[in-house]
Amino acid sequence: MPLPLRPIQAGPARRSRTPAVASAPPPAVASAPRPAGRLLVWVLGQLDKRASFEDYVLRLAERSHEAGLAVDIVAGPVADPGLRAELEAAGATLTCLPAEQQESPWRFAREMLRRRPTLVHCHFGSPSTELAPVARLLGARAFIFTDHGSRRTVEQPGGGMLALRRLRRRLQAAFISRWLPVSAFNGDMIVREVGVSRDRIRTLFNGIDLARARRAEAEGRAAIRARLGWPNDARIALFAGGLNEAKGVPDLLAIQDALLAANPRAMMIWAGDGPLRAEVERTAGPRVLVLGRRNDVPELLCAADVLLVPSRWFEAFSLVLAEAAACGVAAVASRIGGIPEVLLDGETGLLVPPGDGAALLEAATRLLADDDLRARFGAAARRRAESAFCLDRMVTATLDEYRALLAFAPPALPAIPATRSA
């Protein structure tokens, strides 16, 4: 049966203020309530950079005591050293596994037996992951899945193999307590492809650390451009993401010359890496810069005039669009997947059909040429980011889900007696 949802407002941790007694040994004073349970955050991917998802994991670790939980994190083989240090300072543990072990039910079972988590929260991977039955059989009271996954195609009905795949998904889905997709688009796909009821799904937009955007804005556009060596009077179009076909790189390359010809002050900046990087670099010149992979995306956004997101595939959300909104930057993006939930067409930017080069060129040229329209879109985008894409609100909503599940999810399956792994 679906578990009822009753969010509980997050509150600050209570700290003891009992003074020490001089004539007797001082009583133990805890800096935070003793955790009532453990949360295992299982990330099917790497925490190898400092971006919005990593900010979310860190903030969750810092605030987990509000739900009475200690946090263990398992992720891919490479972790950002600074992030690891901050997670450990927050009291969380971080274990890095080889990529081939991340989706292994056997390795997952081993980690379950080592940690004995009360809750398991899995990120990325299949929305009907086979890890869920293992977690519940080994005593977890609830299994939560956040679907971040973008899709090349929308699954269509038909075929015997598809029917078998859907049957397997539905059997595994019985062990998942809650889905937290990052867009309504992904929620619809879960209902369609996994066959679960909507009362087990809650859309939870990705959160952006607005303070990072504000720090970049405080440096100032002119100062950032001077530091990067970009002309202060240029009209800069920015692409930030994977340099691959799915992100629409061929479509943007096809219109790049025409975009630059339409505005003599226009520049094209590419930030990212991927299989099409060599092709992008062949276009480099005085008005085209290829920066490679960057960790300063908020600063790049604050220095840009327009963000271009010409995706061909069904994006789950598009974090870079939310980051641009937080920086008050107008954007042009494809009307596909969850993107229309992030960029409001005609209000915070312009949407175009995916793969439509003429529409992409017209929209990008229009925004680069119209200072007033960019300013209007940018201001509306910033307001939307503050109301819809706030990191702390995302973390609070996640903690509300944890508390609701702990309150209404008694162990449905007997836990296997604890053993110590070698």
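Me: What are the axes of helices here, and what counts as a helix?
Reply: Axes are lines fitted to C-alpha atoms, for helices over the stretch in contact, with angles from 0 to 180 degrees between N-to-C directions. Helices are DSSP runs (H or I, at least four residues), numbered from the N terminus. This is a predicted model, where local features need pLDDT of at least 70, side-chain atom pairs count only at pLDDT 80 or more, and totals for chains, interfaces and linings use all residues. Residues are numbered from 1 along each chain as its sequence is written, and side-chain values use heavy atoms, leaving out hydrogens and water.

Me: Why is H1 called oblique to H17?
Reply: The axes of H1 (residues 52–63) and H17 (residues 391–408) come within 10 Å and cross at roughly 55°. Angles under 35 degrees count as roughly parallel, over 145 as roughly antiparallel, 65 to 115 as roughly perpendicular and the rest as oblique. H1 is therefore oblique to H17.

Me: What makes H13 and H16 roughly perpendicular?
Reply: The axes of H13 and H16 (residues 371–388) cross at roughly 110° and come within 7 Å. H13 and H16 are therefore roughly perpendicular to each other.

Me: Which residues make the contact between H13 and H16?
Reply: Ala 322, Ala 325 and Ala 326 of H13 meet Ala 381, Arg 382 and Ala 385 of H16 (contact means heavy atoms within 4.5 Å).

Me: What makes a set of residues a nonpolar core?
Reply: Its members are buried Ala, Val, Leu, Ile, Met, Phe, Trp, Tyr and Cys residues joined through side-chain atoms within 4.5 Å; buried means under 20% relative accessible area (1.4 Å probe, protein chains only). The largest such core has 43 residues, and its largest share, six residues, comes from H13 (residues 319–326).

Key: Helix = DSSP H or I, 4+ residues; strand = E, 2+ residues; numbered from the N terminus. Buried < 20%, exposed > 50% of the residue type's maximum accessible area, 1.4 Å probe, protein only.
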